[in-house]
Amino acid sequence: MAGVETIWEIKEGAGAVNFRHVTVAGGGVLGSQIAYQTAFKGFDVHVYDVSVDAVDKAKQRIERLKPNYVRDLQATRDQVDAAEARIRYFTDLAEAVADADLVIEAIPEVVDIKMDFYKKLGQVAPPKTIFATNSSTLLPSQFADATGRPEKFLALHFANQIWLHNTAEIMKHPRTDEAVFQAVIDFARAIGMVPLPLHKEQPGYILNSLLVPFLEAAQMLWVNDIADPQTIDKTWMIATGAPEGPFAILDTVGIRTAYHIAHAKGQAGNPEFEKLAARLKSDLIDQGKLGKESGEGFYRYPNPAYTQPDFLRS
Ligand code: NAD
C-alpha cells in the first residue's frame, strides 16, 4: 500500500500536469470550492467575479472553507493558509485570464449569462487557454461556438462539498480535442478528484442519469400506494447493502428540488408527475418538511430511523 500511496503523491498536485495558472470564473457556492481545492493542491488560482462586492463574498466563502479542510482532511493551519495565499481576485476578465492555462466557469446556470460570458472570454483569453464549464444541466455544445475555440472547450463538473465528494465528471462535446480532454482528466486527478470521463454529451452526466430515474421510480411506488417510503428504502438497503435508500437521498437533495422536477414534468404533460408533485406539496412541503435542511422530510433528523440498528431487522 505504501508504494501505491507514494505514486499517488507524486502524481497528484501542481507538478503533475502542464497547467500552472487556473482561473475560476464565478466565486459562488461551487466556484469558491473549486478555487480553494485547486489552490490547496498547489496551483496558482485567479478568481474572477462581476463586482468588488461579489469578490468580497467569494473571499468570505473561501475563508469559511478552511475549517472543513482541517476537520475533514486533517490539513494543518499552515496548509490551509498557504492555499488561501495562492488565490488572487479580479473583477477585470482580461487581467484574470491573461496567463490562464485553464478557465473553469462556475457562473449562474442561465443560458444568456453564460453565452455572453463565453463570447467575452473567447476574445480576451490567450490562444493556449482551455475553457471548462461546471454547468449541471446545460450541454457544452450549446456554448461551443460562442467560445470561438470549440476544440478547447468541454465540461468539468464537480459535486457540492468538493473536498469530500471528489467526483469530476469530464464531458466532451463533439468537437472537443482529444488531447484537451486528456489534459483536463489529468488536471482533475492533480487536484485530488477522481476523473470520470464521458466520451459523449449526456444531460445529467453519469450521476444524475442514474440518480434521477432511480429517485423517480421510488417516488412512483410511493405515490401510487404500492409501498411506503420506509419499506422501499429498507428493500433497497437490505438487497444491495447501500447505506441509504431513495427517500433518505431525497431528504438530502431537498424536497423542494424533488417537487420542482416533478412539477416541471407534470406541466410538460405527464399526469403521473403532476400527482407526485401534488403529494410532495401536501404531505411534505406544506408541513414544513423540506428534508434534512429543515430537520424533517421523509425522516426526522438528526438520527433518522434508517440509521438505527433495528431498521433493517424488522
Ligand atoms: P452561485 O449563484 O452560488 O454563484 C455564481 C457566481 O457567479 C456568483 O459569485 C456571481 O456573482 C457570479 N457571476 C454572475 N454573473 C457572472 C458573470 N457574468 N461572470 C462571472 N461571474 C458571474 O452558483 P453556483 O451554485 O456556484 O453554480 C455555478 C455553476 O456551477 C452553475 O453552472 C451550476 O449548475 C454549477 N454547479 C452547481 C452545483 C451546486 O451544488 N451549487 C453543483 C455542481 C455544479
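Contact here means heavy atoms within 4.5 Å. Helices (H or I, at least four residues) and strands (E, at least two) are DSSP runs, numbered from the N terminus. The model is predicted, so local features need pLDDT of at least 70 and side-chain atom pairs count only at pLDDT 80 or more, while totals for chains, interfaces and linings use all residues. Residues are numbered from 1 along each chain as its sequence is written, and side-chain values use heavy atoms, with hydrogens and water left out.

Helix H9 covers residues 207-223, 17 residues in total, and spans 24 Å from its first C-alpha to its last. That is close to the expected 24 Å, the expected span being 1.5 Å times one less than the number of residues. Buried residues (under 20% relative accessible area, with exposed over 50% and partly exposed in between; 1.4 Å probe, protein chains only) in H9 are Leu 215, Glu 216, Ala 218, Gln 219, Met 220, Trp 222 and Val 223. Their cover includes helices H10 (229-240), H11 (246-253), H12 (255-267) and H13 (271-283). After H9 comes Asp 225, with a positive phi near 60°.

On the H9 side the contact is made by Glu 216, Gln 219, Met 220, Trp 222 and Val 223, and among the H13 residues are Phe 273, Leu 276 and Arg 279.

The sheet is open and has 8 strands in the order E3-E2-E1-E4-E5-E6-E7-E8, with mixed pairing. Two strands pair if DSSP finds at least two bridges between them. Strands E3 (87-90) and E8 (194-198) are at the edges with a single partner strand each, so one side of each has no neighbour in the sheet.

Strand E4 (residues 102-105) runs parallel to strand E5 (residues 130-133), and 4 bridges join them. Leu 102 stands opposite Ile 130, and Glu 105 has Thr 133 as its bridge partner. From E5, Ile 130 and Ala 132 point one way, Phe 131 and Thr 133 the other, and all are buried.
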